[in-house]
Amino acid sequence: MKAEIHPDYQEATINCACGAVINTRSTRGSFTVDICSECHPFYTGKQKVVDAAGRIERFNKKYKK
């Protein structure tokens, strides 16, 4: 490997909006994310049910005029 051509690979902390903290190494440094593997529905298995029928009915009722 050539010397002095690789970026600095430093300790980094990734903070999620859910409160999870992940310690890793990165060339970018520490940063914040909106969603991580601890709160993403794919990894947790918890899906949010969207009541689309109720929303459409409320919209039609409100703007029926």
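Trainee: What share of the 65 residues in the protein chain is buried, and what makes a residue count as buried?

Mentor: Buried residues make up 12% of the 65 residues in the protein chain, where buried means under 20% relative accessible area, exposed means over 50%, and partly exposed lies in between, with a 1.4 Å probe and protein chains only. This is a predicted model, in which local features need pLDDT of at least 70 and side-chain atom pairs count only at pLDDT 80 or more, whereas totals for chains, interfaces and linings use all residues. Residues are numbered from 1 along each chain as its sequence is written, and side-chain values use heavy atoms, with hydrogens and water left out.

Trainee: Why is Cys36 called buried?

Mentor: Cys36 has a relative accessibility of 9%, and because the limit for buried is under 20%, Cys36 counts as buried. Cys36 is found in the loop between β3 (31–33) and α1 (41–44).

Trainee: Which residues is Cys36 in contact with, leaving aside its neighbours within four places in sequence?

Mentor: With those neighbours left aside, Cys36 is in contact with Cys16, Cys18 and Ala20, contact meaning heavy atoms within 4.5 Å. The C-alpha atoms of Cys36 and Cys18 are separated by 8.2 Å, and the two residues are 18 apart along the chain.

Trainee: What makes Ser26 a buried residue, and where does Ser26 lie?

Mentor: Ser26 lies in strand β2, and its relative accessible area is 14%; this value falls under the 20% limit, so Ser26 is buried. A polar atom of the Ser26 side chain lies 2.9 Å from the backbone nitrogen of Arg28. Leaving aside neighbours within four places in sequence, Ser26 is in contact with Asp8, Tyr9, Gln10 and Ala12.

Trainee: How many helices and strands does the protein chain have, and what makes a run count as one?

Mentor: The secondary structure comes to two helices and three strands, which run β-β-β-α-α from the N terminus on. Helices (H or I, at least four residues) and strands (E, at least two) are DSSP runs, numbered from the N terminus.

Key: A polar contact is a pair of N or O atoms within 3.5 Å; within protein, one must be able to donate a hydrogen and the other to accept it, and residues adjacent in sequence count only if both atoms are side-chain atoms.
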